[in-house]
Amino acid sequence: MKTKKTGVYIVLIIGALVFAYPFVWMIFSTFKPDGEIGNIRLLPVDWTIINYQLVLDRIPIGKGFINSVIVTGFVTTFVVIFGSITGYSLSRIKWKGRDTLFSISLLTMMVPFQITLIPTYILIVKFGLTDNLAGLIIPTMVTGFSILLFRQSFLTIPQDLIDAARLDGCSELGVLMRVIFPLSKPAIVTVAILTFVANWNEVLWPLIVIREQSLMTMPQMVALFAVGGGADASVGAQLASALLLAMPVVIAYLIFQKYFIKSLASTGLKS
Amino acid sequence: MKELFKKFNPGFLLSTPYIIHLMLFFIYPVIFSIILIFNRWDIVTPMEFVGFKNVERILMDEVFLQSIINTGIFLVLHIPLQIVVALLFAVLLNEEIRARGFFRTLYFLPVVVSGVVVTIIFQQLFSYDDGLLNQLLQTINLPQIPWLVSSAWAMPSIALMATWKNVGLYIILFMAGLQSIPEQLYEAARLDGSNTWQRFYYITLPMINPTMVTVFVLSIIGGFSLFIEPYVMTGGGPMNSTLSAVLYIYNQAFNFGHMGYAATLGLFFAAIIFTVVSLQRKFVETELYQ
């Protein structure tokens, strides 16, 4: 029994090394001069911050950070607001056409984005929203998945509570704000985390809609920096920009890890 | 506002923003993508009706075929690797162990980090001359591997990286699946004189089938959505060996201005995703309660 336990720990620790080492390697490599990065030694011999200086010189990464905060902030807020009011109207109010709308919202999750990618871009061009942060926000400001999650959560709230609030003269919005929301914190947290992570990391859509550097989001800027040779092939600078991009999500993850794991695991339900 | 709520059902009113969004960003794009199939268009000059030219072209397009083969190679390596690794760690983490939370946090870390970050890290680890992986191979006297520079190895390398990035999610899903198996089943099997392997094969595997299906579906969708990894690492090369479905759509639309053809590609890829997902439902999904 004892030897079995040891074996389990050995495999788990090897796993931990495999998942953690590339990140640790990245962190130390950003403090190495380029010639040293290929070195198998983990710690730098000559510590340097030249890679970070190079990143700041070449790309407006601070601007990229702000753009990403704006886009992610707006999208997350909108998805929570519109997802919850739609989820509420699709679960706790009876009206004609409700079930049809719910079926369509499920259908939107089944249609692969490869179909809508090009036509949505054309729509954005027609609205004159290319090179505009609104072009990144508007297409994803409400999602079928958030509606589904809110609807499932709202369905568990006892009808008596809702009836009581309605009898007290609450409007439907009032019921949502005073009764439903306080009881649905887990659903709100889940939707917020999923939307935050997905949008912070999104890079395909920004690459299509934004061409002007001062409007680029952080992942887009870092991706183009790595691919376009803006880094002058400096590996250290590429890694430094990648580290800056990873930091906000990693910090949020380490603080709220339980919620992160639970929320992202719930995407498994999608299928 | 009050008037409005009297005139219309409040349920309908609360859904109106979503209905408008749905019409603009779902119904219109789906219809427009069908129109685009029959047209040639570069967005700048007027649209030109070409009949079935786009469809004919796709059927003759060797690069399109190549991108499907690439995705197939990716999936054939990615799915089994992911299932084996995720299941192994899920079983181990379900043992009575210390620091379970610590291990779980670490394994899950790559899931939340941007694909851009992971791609930039692995581009260096995969480097032929001074990458960490080849240096490790050298120290144990194995030949170096041309990870990203050979057309035979490039896609498998990306599949390996994608497994590293995603497997944490499936470890969590498999752990939940394993915990839902009633202990009595194992007890009963033990009394019947079964061995560990038999219990795994006849109880564990069928009971975690729903998680298995999730891994398949998400991997298939993920394989056909692959974009930033080849975009940053290889540009689709060498010799189109890492050209993914989405990268090909992207190139056709935004490098060559072939909106009609790109939309046609999108529809074909979506049809393939649909077919593959329903096929796997047939073969992978088993009825639990017959």
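Among contacts in chain A between residues at least 6 apart in sequence, what percentage join residues at least 24 apart? The figure is 73%, where two residues are in contact if their C-beta atoms, placed from the backbone, lie within 7 Å. A quick word on the ground rules: this is a predicted model, in which local features need pLDDT of at least 70 and side-chain atom pairs count only at pLDDT 80 or more, while totals for chains, interfaces and linings use all residues. Residues are numbered from 1 along each chain as its sequence is written, and chains are lettered from A and ligands numbered from 1 in the order in which they are written.

**Chain A overall**

- Chain A has 15 helices and zero strands, counted as DSSP runs numbered from the N terminus (helices are H or I, at least four residues; strands are E, at least two).
- Its radius of gyration, taken over C-alpha atoms, is 23 Å, well over the 18 Å from the globule rule for 271 residues, so chain A is more spread out than a compact globule; that rule is 2.2 Å times the number of residues to the power 0.38.
- Along the principal axes, the C-alpha atoms of chain A fill a box of roughly 75 × 65 × 35 Å.
- Of the 271 residues in chain A, 46% are buried, meaning that 20 or more other C-beta atoms lie within 10 Å of the residue's own, with C-beta atoms placed from the backbone.

**Two domains in chain A**

- Chain A splits into domain 1 (1-48) and domain 2 (60-270), with bounds from an automatic or database domain assignment.
- The C-alpha centres of these two domains of chain A are 34 Å apart.
- Seven residues of domain 1 of chain A touch seven residues of domain 2 of chain A.
- On the domain 1 side, helix 1 (2-29) and helix 2 (34-37) of chain A each give two or more residues, and helix 1 of chain A gives the most, with three.

**Where chains A and B meet**

- The contact takes 71 residues from chain A and 73 residues from chain B.
- Helix 1 of chain A supplies the largest share of chain A's side, 11 residues.
- By class, that side of chain A has 53 nonpolar, 15 polar and three charged residues; Ala, Val, Leu, Ile, Met, Phe, Trp, Tyr, Cys and Pro count as nonpolar, Asp, Glu, Lys and Arg as charged, and the others, Gly among them, as polar.

**A stop at B:Asp61**

- B:Asp61 sits in the loop between helix 3 (53-60) and helix 4 (62-93) of chain B.
- B:Asp61 counts as partly exposed because it has 17 C-beta neighbours inside 10 Å, which falls between the buried cut-off and the exposed one of 12 or fewer.
- The C-alpha atoms of B:Asp61 and B:Ala270 are separated by 17 Å, with the two residues 209 apart along the chain.
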